[in-house]
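Subject: Handover of a structure and summary of findings

Dear colleague,

Please find the structure below, together with its sequence. My notes on what was found in it follow directly after.

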Amino acid sequence: GGRKALIGDVELCIYLERLEKKKRATDRSLVVDEAVSMYVFTCEQALSILRVLRYQHEVVHGCKIFAKHVTDPHNMHRLLQAVEAPVDRGIVAEYFFKVQRDNTERARASQANR
């Protein structure tokens, strides 16, 4: 795919409204998946989406999706603040480290191939 655009305020509001209307966690997860497949998000925007989700497992799922797109470690740390339960936070933090490691290794590999 080509480069995705940063989500605008209007689109973000539409996604937030859709998330608030959905009764089922699975439906909300689909909306989050769709949003992330279409747009890039700033840390603040990602947090606003995570805050609308009702259950911790949804927040964990959301964090994992956003982690693939958040490259700045400081921002990853901020996303973690959306996760309330210490156990879940641990799971997400571990996942973030793995993503960062993978990113670093991929960057090294691509430089080595030049």
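For the helix packing described here, an axis is a line fitted to C-alpha atoms over the stretch in contact, and angles run from 0 to 180 degrees between N-to-C directions. Please note that this is a predicted model.

Packing of α4 and α6

With axes 10 Å apart, α4 and α6 pack at an angle of about 10°. Because angles under 35 degrees count as roughly parallel, α4 is roughly parallel to α6. On the α4 side, the contact is made by Gln56, Val60, Cys63, Lys64 and Ala67, and on the α6 side by Asp88, Ile91, Val92, Tyr95, Phe96 and Val99. By class, the residues of this contact divide into eight nonpolar, one polar and two charged.

One of the α6 residues in that contact is Ile91; helix α6 spans residues 86-112. Ile91 is partly exposed, its relative accessible area being 39%. Between Ile91 and Val40, which are 51 residues apart along the chain, the C-alpha separation is 23 Å.

Packing of α2 and α4

Helix α2 covers residues 25-38 and helix α4 residues 56-67; their axes come within 10 Å and cross at roughly 15°. That angle makes α2 roughly parallel to α4. The crossing in which α2 passes α4 is right-handed. From α2, the residues making the contact are Ala25, Arg28, Ser29, Val32, Asp33 and Val36, while α4 supplies His57, Glu58, His61, Gly62, Ile65 and Phe66. This contact has five nonpolar, four polar and three charged residues.

Which residues does Val32 touch once its neighbours within four places in sequence are left aside? They are Leu19, Ile49, Leu53, Gly62 and Ile65. Val32 belongs to helix α2 and is buried, with a relative accessible area of 3%. Between Val32 and Phe66, which lie 34 residues apart in sequence, the C-alpha to C-alpha distance is 9.4 Å.

Packing of α1 and α2

The axes of α1 and α2 come within 9 Å and cross at roughly 165°. That makes α1 roughly antiparallel to α2. This crossing, too, is described by its hand: α1 and α2 cross in a right-handed manner. In α1, Tyr15, Arg18 and Leu19 meet Arg28, Val31, Val32, Glu34, Ala35 and Met38 of α2. Sorted by class, the contact of α1 with α2 has six nonpolar, no polar and three charged residues.

Salt bridges

Side chains of opposite charge can pair when their charged atoms come close. How many salt bridges does the structure hold? The number is five, and three of them are described here, beginning with the pair formed by Glu34 and Arg18.

In the salt bridge between Glu34 and Arg18, the closest N and O atoms are 3.1 Å apart. Glu34 lies in helix α2 and Arg18 in helix α1 (residues 9-21), so this pair ties together parts that are 16 residues apart in sequence. Glu34 is partly exposed at a relative accessible area of 30%, and Arg18 is partly exposed at 29%.

A salt bridge also joins Glu58 and Arg28, whose side chains meet at 2.7 Å, N to O. Here Glu58 lies in helix α4 and Arg28 in helix α2, so the pair ties together parts that are 30 residues apart in sequence. Are these two residues buried or exposed? Both Glu58 and Arg28 are buried.

Asp27 forms a salt bridge with Arg24, with 3.5 Å between the closest N and O atoms. Asp27 counts as partly exposed at 23% relative accessibility, whereas Arg24 counts as exposed at 52%.

Helix α3 comprises residues 43-52, and eight of its 10 residues are buried, so α3 is largely enclosed by the rest of the structure. The buried residues are Cys43, Gln45, Ala46, Leu47, Ser48, Ile49, Leu50 and Val52.

Yours sincerely

Notes:
Residues are numbered from 1 along each chain as its sequence is written. This is a predicted model: local features need pLDDT of at least 70, side-chain atom pairs count only at pLDDT 80 or more; totals for chains, interfaces and linings use all residues. Side-chain values use heavy atoms; hydrogens and water are left out. Helices (H or I, at least four residues) and strands (E, at least two) are DSSP runs, numbered from the N terminus. Angles under 35 degrees count as roughly parallel, over 145 as roughly antiparallel, 65 to 115 as roughly perpendicular and the rest as oblique. A crossing is left-handed if the near helix is turned anticlockwise from the far one by less than a right angle, and right-handed if clockwise. Contact means heavy atoms within 4.5 Å. Ala, Val, Leu, Ile, Met, Phe, Trp, Tyr, Cys and Pro count as nonpolar, Asp, Glu, Lys and Arg as charged, and the others, Gly among them, as polar. A salt bridge is a side-chain nitrogen of Lys or Arg within 4 Å of a carboxyl oxygen of Asp or Glu. Buried means under 20% relative accessible area, exposed over 50%, partly exposed in between (1.4 Å probe, protein chains only).
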